[in-house]
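Please read them with the structure open.

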Amino acid sequence: RLDAAAKIANLLGAGLRDEVVQAVDDVSLAVADGEVVGLVGESGCGKSTLGRVVAGVHPATSGTVHFRGREVSALKGPAARDAALKIQMIFQDPMSSLNPRLRVRDIVGEAAVVHGLVGAKEVDDYVAETLQRVGLDPTYMRRYPHQFSGGQRQRIGIARALAVQPEFLVCDESVAALDVSIQAQVLNLFMRLREELSLTYLFISHDLGVVEHLSDRVVIMYLGRVVETAPTEALFDAPNHPYTRALLDEIPRLEARKRRFVPVKGEIPSPIDPPTGCHFHPRCPHATARCAAEQPALREIAPGRWSACHLNDGP
Ligand code: SF4
Ligand code: MG
């Protein structure tokens, strides 16, 4: 199943080109076809950078992205174009990613015409269909972005991505800017689209409730490294890594259905000068001298479950 997947391997030092910070440090991540992977972490942990590298919005300074078994950066011509279209990114703030001077028709339809997915004469029908798919009135195509609410604008952003017929969506905090009731609607839309279009998602969020709601598997990042990954239910039932446990412990049990990301005790260290050994050791209640000296490897602790903590080595 993984062979047909969007496979992302060995994103070593996938920092932004003009930043000194190494935002992502030796992260390996594979997303299977049709899977929804939730990527969680505090701000500055590198999850957005990872998402942008995967979506081709930012180049990796080293490391590679593979899509359906092929290294994306090595593709040329139509194959490169095809891969670029198949992986689309949905951003947090739709207003800043929608050109205010363009009508919805052009925002949604332009790339599809340019890439020959629809003829110029059929674009109105194509856009109408795409808008209906995301729950918008097709007549909205004549309007401009400022004439819509935040939730509607996010739907326009989603329609724009869908118009180029993607297979893999990278959603970076795609509902974070919306009111809670609107968030639920947009999350339901994502899930409906997953069914209808067989989409695969990398869903980046700081909100554990959002991630629990829609992910098959969760990946927890801390200061540029993956510290734990597990099927969603297993992770919430029995988190392994002390950082994951700290995240979940701070959520009142009664609030289980509205799990919000509560900051773990202690300052988030600077990603410019991360702590030695296990990056989490200054905040970890179980830290030993070894933790400050030696970086724990991400190891499989049960089938499909990985964690990077010395505690798993046993006594
Ligand atoms: Fe805590 Fe040590 Fe495990 Fe890091 S390796 S999470 S510091 S116990
Ligand atoms: Mg971010």
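1. K47 lies in helix α1 (residues 47–54); helices here are DSSP runs of H or I with at least four residues, strands are E runs of at least two, and both are numbered from the N terminus. K47 counts as buried because it has 27 C-beta neighbours inside 10 Å. The cut-offs are 20 or more other C-beta atoms within 10 Å for buried, 12 or fewer for exposed, and partly exposed in between, with C-beta atoms placed from the backbone. Leaving aside residues up to four places away in sequence, K47 touches L39, G41, I204 and M221, a contact being two C-beta atoms, placed from the backbone, within 7 Å. K47 and V226 are 179 residues apart in sequence, yet their C-alpha atoms are 9.5 Å apart.

2. On provenance, this is a predicted model, in which local features need pLDDT of at least 70 and side-chain atom pairs count only at pLDDT 80 or more, while totals for chains, interfaces and linings use all residues. Residues are numbered from 1 along each chain as its sequence is written, and chains are lettered from A and ligands numbered from 1 in the order in which they are written.

3. Overall, the chain has 11 helices and 12 strands. Of its 315 residues, 42% count as buried. Among contacts between residues at least 6 apart in sequence, 64% join residues at least 24 apart.

4. The open sheet has 8 strands in the order β6-β7-β8-β3-β9-β10-β12-β11, with mixed pairing; two strands pair if DSSP finds at least two bridges between them. At the edges are β6 and β11 (299–302), each pairing on one side only. From one strand to the next the twist averages 25 degrees.

5. How many residues of strand β3 (residues 36–40) are buried? The count is 5 of the 5, so β3 is largely enclosed by the rest of the structure. V36, G38 and V40 point one way from β3, and V37 and L39 point the other way. β3 pairs in the parallel sense with strand β8 (residues 200–205) over 5 bridges, where G38 stands opposite F203. β3 also runs parallel to strand β9 (residues 217–222), joined to it by 4 bridges, and V40 stands opposite I220 there.

6. Elsewhere in the sheet, strand β10 (residues 225–231) and strand β12 (residues 305–307) run antiparallel and are joined by 2 bridges. E228 has S307 in β12 as its bridge partner.

7. Helix α6 (residues 150–162) has 13 residues and reaches 18 Å from first to last C-alpha, close to the 18 Å expected; the expected span is 1.5 Å times one less than the number of residues. Of those 13 residues, 11 are buried, among them R153, R155 and R160. The elements covering the buried residues of α6 include β6 (87–90), α4 (104–114), α5 (123–133) and α7 (180–197).

8. α4 and α5 pack at an angle of about 115 degrees, with axes 9 Å apart. Axes are lines fitted to C-alpha atoms, for helices over the stretch in contact, and angles run from 0 to 180 degrees between N-to-C directions. The contact involves R105, V108, G109, A112 and V113 of α4 and V123, D124, Y126, V127, T130 and L131 of α5.
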